[in-house]
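Could you walk me through this structure, one selection at a time? I have it open in my viewer and would like to know what to click on next.

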Amino acid sequence: MKITKILTSILHIPEDDPLADMPEETGRMRPVVTLRIQTDAGIEGVGLTFYGGAMTGSLRTAVDELGALTIDEDPLRIEAIVRKLRAAAGDNCGPAGIFLLALSAIDIALWDIKAKAVELPLWKLLGGARDRVPTYASGSLRRGLTDNQAATAARRLVDKGFVEMKTQMALPGNPSPAEEVRRVRVVRDAIGPDIKLMCDINQRWRPEQAIDIGKRVEDVGLFWLEDVTVCDDYQGLARINAALSTPIAGGEYVWGIVPFRHMIEARSVDIVMIDLVRVGGITQWLKVAGMAEAFNLPVVSHVIPEFHLHLIAAIPNGLTVEYMPWMIKLFQETPPIEQGHLVLPNTPGLGLTFDEAALKSFRVA
Ligand SMILES: [Mg+2]
């Protein structure tokens with residue numbers, strides 16, 4: 001099989017809150033680069049990438065430029081293609097940033113092709129540990145909401161059947177530790193004691209703040225505290241992790257596979273969160289998951305659940321899938337949620353087909 005054509009586009013997708021209809025702000029748009037890789041066998045792979053922000057045009061160009069180097073290559077030889085692309089650009093312009101974001105889109109589409117070629121859903125091709133995986137509602141209980149809005153949104157998620165959900169601390173305006181604690185209790189009181197509640201800090205605390213506030217909320221029974229300080233302060237994270245009984249999660253902000261080695265060796269986190277786009281695609285995601293397994297650590301995913309559910313389901317140490325449906329409108333169909341679990345598709349590949357009308361309505365370039 002040979003790669004024959006690369007098709008990319010830039011979309012602007014509204015940043016709404018489809019889960020609880022309680023957006024922190026209205027009118028914001030998220031830029032996304034979509035990719036299709038076509039082959040002489042008639043099999044097409046889909047991928048996407050984002051985080052380009054104001055450089056999204058450059059990111060699309062990077063996907064086009066790397067994609068051009070894959071023409072006539074065998075799409076089933078993914079590591080050979082990754083090696084070629086690194087040699088052509090990544091080894092010199094840097095192992096992270098736009099290079100890695102672009103590489104991820106290509107790698108994802110290549111795995112979609114490979115799974116379609118062997119007529120298996122991707123999760124089965126990659127290991128197939130489970131055919132349904134727990135999932136949690138994310139993106140609704142944000143720090144910018146009022147207490148009333150947060151409580152209302154939390155109850156809406158429970159009414160929708162979610163049994164796991166994530167909120168945030170590190171509130172706007174740098175309030176006192178007591179205010180931070182009060183807010184997370186508002187959410188806990190709204191949902192009761194039996195719902196798993198995670199809380200994201202998004203790197204906004206210093207280590208001593210994290211230890212102070214983390215100790216004050218231990219009786220809230222958080223399932224995890226996430227990105228409690230700067231993502232690559234591995235020693236600071238380890239200090240926080242040792243001081244708190246609440247599990248510490250992290251990893252979404254680091255690039256490629258090597259930082260995970262440092263993070264895990266330093267015992268910085270109890271739960272390894274891997275972002276498919278920042279890690280370098282499916283090939284690299286699986287390597288980090290294996291590293292975590294060797295250290296007896298569970299793995300969770302970051303955003304794009306319609307891609308990540310395959311990976312969490314494939315591995316033995318997958319814990320839960322973040323259900324943050326940024327991209328849900330792009331596809332004709334996405335996996336259903338039943339009793340708090342995402343149900344894995346049985347269609348070959350990722351099981352994702354772009355909705356042409358949606359793509360047209362969001363396309364800007
Ligand atoms: Mg996070």
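Two strands count as paired if DSSP finds at least two bridges between them. Keep in mind as we go that this is a predicted model.

Stop 1: Select E2, residues 29–39, together with E3, residues 44–49. These two strands form a hairpin, with four residues between them. Click on glycine 42 in the turn: its phi is positive, about 80°. Six bridges join E2 to E3, and the two strands run antiparallel.

Stop 2: The three strands make an open sheet in the order E1-E2-E3, with antiparallel pairing. From one strand to the next, the twist averages 20°. Strands of a sheet pair through backbone hydrogen bonds, so try showing the backbone atoms here. Between E1 and E2 there are eleven bridges; for an example, select leucine 11 and then valine 32, its bridge partner in E2.

**Stop 3: the helices on the sheet.** Select helix H1, residues 56–68, which lies across E1, E2 and E3 and runs at about 165° to E1. Next, select helix H3, residues 97–117: this helix packs on the sheet too, touching E2 and E3, and its direction makes about 155° with that of E3. Is E3 mostly covered or mostly open? Mostly covered: five of its six residues are buried.

**Stop 4: the two domains.** Zoom out and colour by domain. The domain assignment gives domain 1 as 3–119 plus 355–362, and domain 2 as 123–343. Their C-alpha centres lie 24 Å apart. Where they meet, 29 residues of domain 1 are in contact with 30 residues of domain 2. On the domain 1 side, E3, helix H2 (78–93), H3 and helix H13 (356–362) each supply at least two residues. Which of the elements gives the most to that side? H3 does, with eight residues. Finally, colour this side of domain 1 by residue type: 21 of its residues are nonpolar, two are polar and six are charged.

How values were computed
Residues numbered from 1 in each chain as written. Predicted model: local features only at pLDDT ≥ 70, side-chain atom pairs only at ≥ 80, totals over all residues. Axes fitted to C-alpha atoms, helices over the stretch in contact; angles between N-to-C directions. Contact = placed C-beta atoms within 7 Å. Buried ≥ 20, exposed ≤ 12 C-beta atoms within 10 Å, placed from the backbone. Domains from an automatic or database assignment. Nonpolar A, V, L, I, M, F, W, Y, C, P; charged D, E, K, R; others polar.
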